[in-house]
Amino acid sequence: MRAKVYVTLKPGVLDPAGKAIERALHSLGFEEAQDVRLGKYIELRVDGDTANAPGRLDDMCRKLLANGAIEDYRFEVGD
Amino acid sequence: MRWGVITFPGSLDNADTVHALAQVLGDPTVSLWHKDRNLHGVDCVVLPGGFSYGDYLRAGALARFAPVMESVVEFARAGGLVFGICNGFQVLCESGLLPGALIRNRSLSFICASIHCRVEETDTPFTRSYGQAEVLALPVKHGEGCYVADADTLLALEDNRQVILRYVDAAGRATEAANPNGSLRNIAGIVNASRNVFGLMPHPEHACEPLCGGADGLGFFRSVRASLSDGAPTRTTSVPPGL
């Protein structure tokens with residue numbers, strides 16, 4: 001099955017890249033764009049027992065894909 | 001004493017670190033390979049600067065899973081001295097041996113500069129050869145050197161005197177302008193609660209000879225040697241429960 005993992009910076013963690021994107025959007029005339037935060041999107045295929053997939057994905061996020069000191073994560077499993 | 005310097009795929013400063021330890025300091029020094037679980041009986045393990053595993057995913061995130069790191073974690077938990085420089089600091093944070101994380105510089109630019117930092121604590125095996133509040137001139141070169149941690153962690157670091165180095169100006173003042181990368185509280189280097197694991201973003205191994213612009217970095221390595229010859233490598237200070 002296919003899985004989509006979203007890794008985002010925790011609220012309050014500095015995001016200089018997000019700030020730079022926000023400034024660029026403003027300079028292009030998109031003044032309404034606020035609070036831009038840059039995160040990561042990871043796609044993967046998960047083989048094996050589908051019932052175990054959410055637990056295994058959670059392990060993957062905790063052990064590697066996200067750093068709990070600065071990042072939050074969520075994931076979606078599809079078919 | 002015997003030093004060990006790890007080489008990960010993408011390490012850059014392993015050779016300079018070996019040079020500083022073996023040639024300048026004159027100590028026996030062993031190169032440790034990332035696939036090697038054997039630390040070859042070294043007394044202090046150095047994780048050098050560079051871009052281990054291309055900094056993919058996050059700086060230091062993949063090096064943490066190198067076979068040698070299992071031995072380093074075990075060595076550190078047993079009280080062994082571990083010294084992480086730049087990318088080595090990032091690896092130590094990712095592996096949970098040091099709290100917090102290092103993220104992209106506030107400026108979004110890679111910085112290569114000579115900076116000043118102040119020695120905040122001298123009662124560690126890594127800084128005992130320096131004077132309290134001594135100001136050092138050291139080089140930095142990094143893209144992800146902005147130290148961050150949550151409010152509780154920062155408070156615990158300050159309360160336990162785990163902040164060992166802070167970015168300052170030449171006069172020793174920890175100002176915003178003297179902070180090259182946006183690190184919270186101008187933090188340039190920390191130790192763990194047991195004071196046997198040390199990480200810093202500046203590069204002491206590049207500041208060991210006048211030819212390279214100064215020798216202010218040598219004191220870190222001399223401190224380790226002095227601590228080990230005392231037979232007290234892991235002097236610990238009392239830490240409140242729960243930290």
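This is a predicted model: local features need pLDDT of at least 70, side-chain atom pairs count only at pLDDT 80 or more; totals for chains, interfaces and linings use all residues.
Let me start in chain A, with helix H2, residues 53-65. Which residues of H2 in chain A are buried? They are A:Leu57, A:Cys61 and A:Leu65, and, seen down the helix axis, the buried residues fall within an arc of 50°, so they line one face of the helix. That spacing is what one would look for, because an α-helix has 3.6 residues a turn and residues three or four places apart point the same way. The cover over the buried residues of H2 in chain A includes strands E1 (2-9), E2 (40-45) and E3 (71-77) of chain A, while the face turned away from the buried side carries the exposed residues A:Gly55, A:Asp58, A:Asp59, A:Arg62 and A:Lys63.

Staying with chain A for one more residue, A:Asp35 lies in the loop between helix H1 (16-27) and strand E2, and its phi is near 50°, a positive value in a residue other than glycine. With 9 C-beta neighbours inside 10 Å, A:Asp35 counts as exposed.

Now to chain B, and to strand E3, residues 44-47. Is E3 of chain B covered on one face or on both? Both faces are covered, with B:Cys44 and B:Val46 buried on one side and B:Val45 and B:Leu47 buried on the other; in a regular strand the side chains alternate between the two faces of the sheet. Strand E1 of chain B, residues 3-7, runs parallel to E3 of chain B and is joined to it by three bridges, B:Val5 having B:Val46 as its bridge partner. Strand E4 of chain B, residues 81-85, also pairs with E3 of chain B in the parallel sense, here over four bridges, and in this pairing the partner of B:Val46 is B:Phe83. Between E3 and E4 of chain B the chain passes through helix H2, residues 67-77, in a β-α-β crossover that is right-handed.

In the loop between E3 and H2 of chain B we find B:Asp55, which has a positive phi of about 60° although it is not a glycine. B:Asp55 is partly exposed, with 18 other C-beta atoms within 10 Å.

Helix H1 of chain B, residues 14-24, has B:Asn14, B:Thr17, B:Val18, B:Ala20 and B:Leu21 as its buried residues, and these cover an arc of only 160° around the axis, which puts them on the same side of the helix. Among the elements covering them are E1, E2 (29-33), E3 and helix H5 (218-229) of chain B. Just after H1 of chain B, B:Gly26 takes a positive phi of about 80°, and B:Pro28, in the loop between H1 and E2 of chain B, counts as exposed with 12 C-beta neighbours inside 10 Å.

Finally, the contact between the chains: 13 residues come from chain B and nine residues from chain A. On the side of chain B that touches chain A, strands E5 (101-103) and E8 (146-148) are the elements that give two or more residues, and the residues of that side divide into seven nonpolar, two polar and four charged.

Conventions. Residues are numbered from 1 along each chain as its sequence is written. Chains are lettered from A and ligands numbered from 1 in the order in which they are written. Two residues are in contact if their C-beta atoms, placed from the backbone, lie within 7 Å. Ala, Val, Leu, Ile, Met, Phe, Trp, Tyr, Cys and Pro count as nonpolar, Asp, Glu, Lys and Arg as charged, and the others, Gly among them, as polar. A residue is buried if 20 or more other C-beta atoms lie within 10 Å of its own, exposed if 12 or fewer, and partly exposed in between; C-beta atoms are placed from the backbone. The arc is that of the directions from the helix axis to the C-beta atoms. Two strands pair if DSSP finds at least two bridges between them. A crossover is right-handed if, with the strands pointing away from the viewer, the path from the first strand over the helix to the second runs clockwise.
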